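Consider how the chains of this assembly are related and where they meet. The explanation below goes from the symmetry to the helix contacts and then to the aromatic rings.

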Protein chains: 6
Amino acid sequence: MGIVVRNIRRADRSVVDAFGELGVATIHEAQGRTGLLDVRLRPVYPGARVSGSAVTVSVPPGDNWMIHVAVEQCRAGDVLVVAPTSGSEAGYFGELLATALQARGVRGLVIDAGCRDVPELARMAFPVWSRYVSAIGTVKETLGSVNVPIVCAGQSVAPGDVVVADDDGVVVVPRREAAQVLAASRVREEREAVSRKRYQAGELSLDVQDMRERLARKGLRYVDQEADQQ
Amino acid sequence: MGIVVRNIRRADRSVVDAFGELGVATIHEAQGRTGLLDVRLRPVYPGARVSGSAVTVSVPPGDNWMIHVAVEQCRAGDVLVVAPTSGSEAGYFGELLATALQARGVRGLVIDAGCRDVPELARMAFPVWSRYVSAIGTVKETLGSVNVPIVCAGQSVAPGDVVVADDDGVVVVPRREAAQVLAASRVREEREAVSRKRYQAGELSLDVQDMRERLARKGLRYVDQEADQQ
Amino acid sequence: MGIVVRNIRRADRSVVDAFGELGVATIHEAQGRTGLLDVRLRPVYPGARVSGSAVTVSVPPGDNWMIHVAVEQCRAGDVLVVAPTSGSEAGYFGELLATALQARGVRGLVIDAGCRDVPELARMAFPVWSRYVSAIGTVKETLGSVNVPIVCAGQSVAPGDVVVADDDGVVVVPRREAAQVLAASRVREEREAVSRKRYQAGELSLDVQDMRERLARKGLRYVDQEADQQ
Amino acid sequence: MGIVVRNIRRADRSVVDAFGELGVATIHEAQGRTGLLDVRLRPVYPGARVSGSAVTVSVPPGDNWMIHVAVEQCRAGDVLVVAPTSGSEAGYFGELLATALQARGVRGLVIDAGCRDVPELARMAFPVWSRYVSAIGTVKETLGSVNVPIVCAGQSVAPGDVVVADDDGVVVVPRREAAQVLAASRVREEREAVSRKRYQAGELSLDVQDMRERLARKGLRYVDQEADQQ
Amino acid sequence: MGIVVRNIRRADRSVVDAFGELGVATIHEAQGRTGLLDVRLRPVYPGARVSGSAVTVSVPPGDNWMIHVAVEQCRAGDVLVVAPTSGSEAGYFGELLATALQARGVRGLVIDAGCRDVPELARMAFPVWSRYVSAIGTVKETLGSVNVPIVCAGQSVAPGDVVVADDDGVVVVPRREAAQVLAASRVREEREAVSRKRYQAGELSLDVQDMRERLARKGLRYVDQEADQQ
Amino acid sequence: MGIVVRNIRRADRSVVDAFGELGVATIHEAQGRTGLLDVRLRPVYPGARVSGSAVTVSVPPGDNWMIHVAVEQCRAGDVLVVAPTSGSEAGYFGELLATALQARGVRGLVIDAGCRDVPELARMAFPVWSRYVSAIGTVKETLGSVNVPIVCAGQSVAPGDVVVADDDGVVVVPRREAAQVLAASRVREEREAVSRKRYQAGELSLDVQDMRERLARKGLRYVDQEADQQ
């Protein structure tokens, strides 16, 4: 506790930015169904999608002091990722901090706690994914740490990891695997585009993905509804 | 497990369609305050209303194979109703399956688990009512069943039952009672239209519904606030 | 139980109305971080903000009879505040009651239970903050009370207290402290306007709020990321 | 609503009783992993195990009148199964009702709501599985039904079904399948006794259940921890 | 915030003590089904029952400083009642504080947050009712208040109110109504003793409480199970 | 996925064993209030305390195959730590697996999911800390990993870390810091023994820990209850 790590390594900016065109579900699948934060983290307003490099913050419950410390460590293209050391409903973050972050080019916030000033955040177009919308005030009394590895909403996040968030949730990609996961996500996206066309034309995934034989081997049986059934 | 029932009986299409103009709350009241699914099932985007015939799917936790099987059993005017055999946060359903269903004229999905690709579903106007928005991937390993009676979000749903969903939630109407519940819902709606006018004119439900005497009999007392009270 | 208090004292109308221009978070902070209702109470549609004088209603679980009784006690500028005596998912309130309240100039509803007819409420612009959206019907069998002190979503609310609600949640201000909290809220708002400008210009709260020395005294240490770190 | 079905069919008493020697997990597995009630239903005191024929009760939220009605329909060897029509934290049941049921030879209660008088129930050895321990009082104003099919804690329960409950939870077995599930449960139990001996002797399930080859086919890889790993 | 009220008035010691022989459910019923704290507050070990005068403590989330302050305000026959100003999972209380309280004759703790050192508390026979068992540490940085009115787990508690807790939960009785509620509780208990005897003898509450006629008037119908049903 | 790491490094056996005499709360405090797993993980029977070296298992939701694989990697003095890749209520573990683990000298299980056969586990004295007691069956279809770093109930756990669990919950100590945390825990325990004696003698923590001056500086005020107050 009480440590601020400066000058963290980040993934290539071009890689980080490219993730912003891909959906969270696609990326999660492409890296082997890992990295998805708890589904209880939701966007405070709909329609946003961001990718960025994680600046991580470990905060005490009900104390947002370290977020103020963390602002200084952020630069353009970052996403702030905040986790309390134990469950908290407090509203750690509002439009003043968002103003400070936006001035530095930070793209959004992911926090496993509460966020407030939702109307203002929507107006500013500063997206936040949080567990609660909450106006509960916080104190500034106890230290935490910035840019140490944290667990946020059930996932390990290291400083410099790539974080992508949209209406489906939030996914984290380890910094060193970012380029490779990006490539895999694109492959997946292209494959899905092909399937989509076939489904639009009325084909069935049973045929497109060749499932019938395996289903039969597992024992799937087709029967017609009996006359006296419900 | 492992059974697909084909050629289920459905309610009259005209009845099914007529439900689409009625609110979920009205229908729930009109059939004696029954049939409402757990209030934790919410629309993934606001403003949709659908009615349809239930094609039911029982799925294992974290395994969406049977949804692929169910697509083939759907036809125009249906609503897919999916329940995992135990609680699951997985994202069983996304825009590819929605594309396949929409191509067959299916009107929406009700699922007591997670759904993903929310931005795409909104764009496609394919409505989903789910317990979670979740990108968590699923496997295709274990059989379930299609068109067997299921319990979904606390209510029994039989294949061919009428399902109606809007921003208030989801209600199920047994197939054989559909025509009668439709009639009762319309009666209720007309009665409410009359009350609405009277309320708009400033009348009180105490008078419109003649409650004063019964309240007095139960012992309701009116007092004025005392000078020294709060 | 079974008491209706008439002619409650309210705060000055000008004070009540002035709160409507202030955010819930600001007011909560300005009165010493008190008065915020449980963060699980959420608006049924986004974008509304109201202030009003509380007409309080204590209701049995699943029984909305006393809301009908309470309508008569409401006047222009009020907000209805409803709490069940134990947890309830029922949909106590819909568009008919909203119609009756709107005809009297009531500005909104706060309820620690369920609310239905969400599409109609949005259309009417009658805002509701509730724990659930729920179409579950209620009965009219058991008395409660109107305009007695209640606990709603974890906060004491007395009749005539000022209630303010927006997308951030709901805050209650004791009637006698309303003028003073209003003044303090405005001071806070002005102070925040100054900070906002400085943050927009790229200044850090570490400097604007002069935090660096106190952080150092608490032991905060800055280090650079090591070469072999993650 | 408002119906009491008398003289329900029950499973053979010898079959019902025999289930009392088997664990809930075993029975759940033996009938194909179905029939288990929501895991949030817990015994109010540890150590009990009962089997019995279900007398079902559908009750309004916060209203226990129909439980009084149901007592008369119970006979020796029954288990009362109670579900509110929507979620309720009320304490529907206490030692007086337990006294009445015990006098008739009823073996226990399963309720998807609250139960009170826990110390007295433990003293009387009348076991209850409930979602809450709760002293919240109930009213007697609204009808429900007795011995109609209900959904209790996520499972369909028909009157006369066999219900088995122990510290692991509650499982329901359809009346007509009771004999066959009992036989399958015993087979499973015997098979487990054999495995247990082998495990006690230090054998691995990898070998006892012959899993190694299938794991390898799925791609499982064994590696040694590297020198520089954590 | 930051206030300690000394020398609070308490109810008559004989009245406070007499409540210790009555169950929480009985008292809750006898005072008109009010005063019961949220059912999620549970005893950390089974079998305890206490009554005492409330010393109230309002604490910040994750900060237990004011409990240390409160100890000094306690005397023999008290029960400490603690509520955080917003939801907290922290373990505010353990065996050292219990030792200090027990040395002063305090009978137990009620806390709408976490408690730790459960094995030691059981050994000391110092009972605690809490929302969580939690070892999460707390800080001592921010003031709260002692002996001000608080909301604890959904109920208003004033200093000097009588608090009774057992395995069924926790109920609060306003100080000024204590003698009267005690009398009403005893009446209820005696009446229940009479009913209990009749139930043990096999009588039905339908008859003992004379319910049959009112049930019939509400429309309850008895039918026999049909031959082809279930 | 699909990796089993063999021959993990563990902390010194004497250090691991020594933790077994210390409480979870003490260790959590001694390592700077870190390492505590989510408070919703509870022992399935009361009174157990274990310490051991973590063998970690990452499992798919509803699939316990990898636990069978993990047994072989365990040795005397270990504790199995299991986390599903997304939330699961399934009962992954029962008495057969416990038999296999106990035969190898494994001391207990920590699992962020469900566990079954609770009566048998109590009888065997094989302690389990789990999120649910659940009989829900699992499949054996999909690979996970053994002895990779995992997040379990909100904390990072690496293979070979020391895990300590008792009635207060579960704490993890990084392997390399084990000796130092053990020492700090003992220091803390001794300091608490001194405080305990003083509290038993009636001293106040306000004096023992010298809090009065700091409280006064923060602004704490003592007042006497006014005559007309509650």
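This is a predicted model: local features need pLDDT of at least 70, side-chain atom pairs count only at pLDDT 80 or more; totals for chains, interfaces and linings use all residues.

Residues are numbered from 1 along each chain as its sequence is written, chains are lettered from A and ligands numbered from 1 in the order in which they are written, and side-chain values use heavy atoms, leaving out hydrogens and water.

Chain E is superposed on chain D by a rotation of 120 degrees with 0.0 Å of shift along the axis, at an RMSD of 0.0 Å (least squares on the C-alpha atoms of residues with pLDDT of at least 70 in both copies). This is the relation of a three-fold axis. Within chain E, the residue closest to that axis is E:Pro46, with its C-alpha at 6.3 Å. Some chains do not touch: chain A and chain D have no contact (heavy atoms within 4.5 Å), and their closest C-alpha atoms are 14 Å apart. Chain C and chain F likewise have no contact, with closest C-alpha atoms 14 Å apart.

The axes of helix 4 (residues 95-103) of chain E and helix 6 (residues 178-200) of chain F come within 8 Å and cross at roughly 15 degrees; axes are lines fitted to C-alpha atoms over the stretch in contact, and angles run from 0 to 180 degrees between N-to-C directions. Helix 4 of chain E is therefore roughly parallel to helix 6 of chain F (angles under 35 degrees). From helix 4 of chain E, E:Glu95, E:Leu96, E:Thr99, E:Ala100 and E:Ala103 meet F:Glu192, F:Ser195, F:Arg196, F:Tyr199 and F:Gln200 of helix 6 of chain F.

Helix 6 (residues 178-200) of chain A and helix 4 (residues 95-103) of chain B pack at about 15 degrees, with axes 8 Å apart. These two helices, too, are roughly parallel to each other.

Over all chains, the whole structure has six aromatic pairs (ring centres of Phe, Tyr or Trp, the last by its six-membered ring, within 6.5 Å). The rings of D:Phe93 and D:Phe126 have centres 5.9 Å apart and planes at 20 degrees, so they are stacked (planes under 30 degrees apart). The two residues are 33 residues apart in chain D.

Note on methods:
Helices (H or I, at least four residues) and strands (E, at least two) are DSSP runs, numbered from the N terminus. Angles under 35 degrees count as roughly parallel, over 145 as roughly antiparallel, 65 to 115 as roughly perpendicular and the rest as oblique. Rings of Phe, Tyr and Trp (its six-membered ring) pair if their centres lie within 6.5 Å; planes under 30 degrees apart count as stacked, over 60 as edge-to-face and the rest as tilted.
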